[in-house]
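Visitor: Hello! Could you walk me through this model and tell me what stands behind the words you use?
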Amino acid sequence: MARHWRAGAAGLAVLGLTLTACSGAKVGDSSSAGSKSSGGKCGSFNLAVNPWVGYEADAAVVAYVAQHDLGCTVNKKDLKEEIAWQGFGTGEVDAVLENWGHDDLKAKYIAGQKTAVEAGSTGNKGVIGWFVPPWLAKAHPDITDWKNLDKYADNFKTSESGGKGQLLDGDPSYVTNDAALVKNLKLNFKVVYAGSETALIQAYRTAEKNKQWMIGYFYEPQWFLSEVPLVKVNLPAYTKGCDADAAKVACDYPVYDLDKIVSAQFAKSGSPAYKLVKNFHWTNDDQNTVAKYIAVDKMSDDAAAKKWVDANRDKVDTWLK
Amino acid sequence: MAVADATAPVATIRNKVSRPMVVAAILLAWLVLFAVLRGRQTLALAAADLTGLHRWLNDLNDSIGANRNSNPLFLYFFNEIRLAIDNLVTFVQSLISQPTGSRPVPQIGWLGVVGLTGYVSWAVGNWRVALLAVAGFTFFGLQGLWQESMDTLALTLSAVLVALLIGIPLGVWAGLSDRFNRIMTPFLDFMQTMPTFVYLAPLTLIFLIGGASAVITTVIYAAPPAIRITAHAIRSVPETTVEAADSLGTTRTQQLLKVLLPMSKRTVVMGVNQTIMAALAMVTIAALIDAPGLGKTVVQALQSLDVGTAFNAGLAIVVMAIVLDRVTTAAAARTETARRTGGHLLKWRRPLLVAGGIAAAVLVYLSHTYVWAAEFPGSGSTGSHIASAAGTTTTWLQDHLSGLTNGVRDVITNGLLNPFQTLLTDSPWWLVGVTLVALGAVLGGRLAAVTAAVCVGLLVGTGLWSDSMTTLASTAVATVLVMLFGVVFGVWMGRSQLVDRIVRPSLDAAQVMPPFVYLVPFLALFGATRFTAIVAAVVYAAPVAIKIIADGVRNVSESTVEAATSAGCNTWQIITKVQLPMARSALTLATNQGLIYVLSMVVVGGLVGAGALGYDVVAGFSQGQLYGKGLAAGLAIVLLGVMFDRITQAAARRTRA
């Protein structure tokens, strides 16, 4: 019985306290209203954010500019590539800012369903390939030539690679021909699927720290390279069309011209945000800077974008023209 | 129970002698034939290769996407569902987590939510859980994750509400009708074991990106426990009570409302509890389709391998789970005690409830009106302390333990996993199939054998036989480890209330902490390997097995243990000769549940190096042209689950019979 009294007394005490505390700013007071309701005709802008830090950097800057210079209401949506493209048709996504090739998706949504259109290059060059940790490249400089890989295959053996050298692949969303490459270059390696970027980065980090042998799939621009500058292994040089037949690929990956994709509806809407997306153009260094603010310095997206925009106002202004 | 167990050995003596020998003979025959036929008809399929079925599933998916806007099913059915659920989510969010209109903060601020939570916890439970709830919710604010936590709470509450609205009526129906129960069971199995990744992309196509899809994803996974446990509750109402009601001439509706439902209330509340836990387990997965909340914080932090921040958010999910679990458990206990004591207590309770209600309403009003009560004060510095401490600990562990861990990994991989996997993948498929069917027949009887045969046939049909066998090998090793931990900790906890109280919160944490938070350190320690995947599965599945075994051991009657003690048995003898044998049905149940939970981690395993089915599912989620293969892999996981579930359950019934 007593415990209920106690609870009741506590309730009354709270009540009493609140009566004395009835002073302070009220919600909706002009002094405390934080949100900006000013703005032009931009309206809402649905921006897909694919799950890697480089993209997050693109999105952070574009969203910041759209919000502060154009007065848009930006809705960032964290989505994987395939789902983001799907969103063009349903009107849930207006723009994808960093597309890596993805000819399959282009065929399906741009040529097929006609729900998406291209919106030009981001200016970023995407490099995909096989990378080794820097200590290994230093200790065995000849390892950066693919012809020497077999010589070292034994050192790359792991519990997963079944007696061959291990080539570690990451997130299956990313463009990869590695299985075909190993076969067609007749390398004594086996592709092992780590299955996620987290697992892949952690593997490189451990390998560099403990001086372990490791080779895997990686790409740039990528924030992790500013922590551990991985070294690329040269595969037979890319020539136009050498990757036409996916099963017979025996050459390096092309350098990807990363581009922007928007929904067909958004392109026709005349929204100033569309113009911004179309004009958005920067360099790998720019992206790496912002990505480093986010991933290494642990700044929020908005703070990172503000820092870069304040320092690069001239670039931003060319996007707004 | 005790009586049934005492008679069991006599009845099964003949079986006991022969069954292990038959099993041994089957396994021996398999080994011999494996040596002869190794490497033939293994049905291997490379990572990028597809079968006709996979392509057909791709086309099906594409055509649904292309016809979305013209199909009447979408226009009049799915869109309406989406709208209703979207409105529900938006409404709850506007109450506690998201600003609406010109208002910069949600309708109810932190003080109101904390007050209301405390009041409700006290009203349905007791003052102890109310205190826990208030402390827990305040902790979210201190962590700097108030809004994220409220978003997660809003989605969880909406999902649980929808799951119960669907689940309880279906559960009651399944409890009353054997036929409906039989129809329902395979669907429930399907909903619980089909990996979420498989239907995540199609769901966003049908219900669009946003709250509705997130809620529906969660409901699919969280409704089955509500249905199963409600059905079980209705069934466990004693026959005599129902007959007594019958003889009084009650109608069927009266019987349901006046007898069955009130008497099964306690168990139904446990179903609500399990539904909440399942819903919280989906928080990070729903974040992949833009569900707001703590899951997003975890996913985003892991992109830059920021374990500290991910841990902080993961901890908030754990705290929320523990608060909701304890409150619902206390609510279940209260329905019990209220029924027993009743009477005079009610007299005082009512005015107190009113007083508490008024106090809560005042707090809600304050948090609606004043900024200090609406936005959580402070900058969440506790959260950054937690994050940096977790980060430092992780780094230390990685630096100091990696030599040791590699040794453990290699011993288990080379000594146990690799030989077993070779045996499964390099045997001709029909040999493995025949072995499985024979084992099913010996252990579970004719029905189990038929189920095994059907499942083997369908597995071959998915085109992913070889991957299924690789996954099966890892699953089996993980299940063995789960049972090892289950027995050791389960017995320990079952024998000591103190140990139970200390260990249990960590078990709860292991079940709801998003796997990737602890997987990053594991990845550093063990690399991206099948072993890491096994460890992840063990961390997730062992708590269930431990809890079930601890319960089983505790339920062995005290007088039996005392009798054994007075007969001069030492502790070891009591455990091995009395407690474990008498908790046999708990052991089989633990094996069954342990296996199902291990299978539910196959996809997470695919994300950390397990390859095989888990990777196929992840790849299908990520790449359009692999969609069909991912779906087939999901089906294969379900088939493995159903096959082992039926065999272990039939085996359990036999040992009990």
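Guide: Gladly. Chain A has 12 helices and 9 strands, where helices (H or I, at least four residues) and strands (E, at least two) are DSSP runs numbered from the N terminus. This is a predicted model, in which local features need pLDDT of at least 70, side-chain atom pairs count only at pLDDT 80 or more, and totals for chains, interfaces and linings use all residues. Residues are numbered from 1 along each chain as its sequence is written, while chains are lettered from A and ligands numbered from 1 in the order in which they are written.

Visitor: What makes a residue of chain A count as buried, and what share of the 321 residues does?
Guide: A buried residue has 20 or more other C-beta atoms, placed from the backbone, within 10 Å of its own. In chain A, 46% of the 321 residues count as buried.

Visitor: Why is the crossing of H2(A) and H9(A) given an angle and a distance?
Guide: Two packed helices are described by the angle between their axes and the distance between the axes. For H2 (residues 53–68) and H9 (residues 272–279) of chain A, the axes come within 11 Å and cross at roughly 145 degrees; axes are lines fitted to C-alpha atoms over the stretch in contact, with angles from 0 to 180 degrees between N-to-C directions.

Visitor: Which residues meet there?
Guide: A:Val62, A:Val65 and A:Ala66 of H2(A) meet A:Ala273, A:Leu276 and A:Val277 of H9(A); contact means C-beta atoms, placed from the backbone, within 7 Å. Ala, Val and Leu count as nonpolar, so this contact has 6 nonpolar, no polar and no charged residues.

Terms used:
Two residues are in contact if their C-beta atoms, placed from the backbone, lie within 7 Å. A residue is buried if 20 or more other C-beta atoms lie within 10 Å of its own, exposed if 12 or fewer, and partly exposed in between; C-beta atoms are placed from the backbone.
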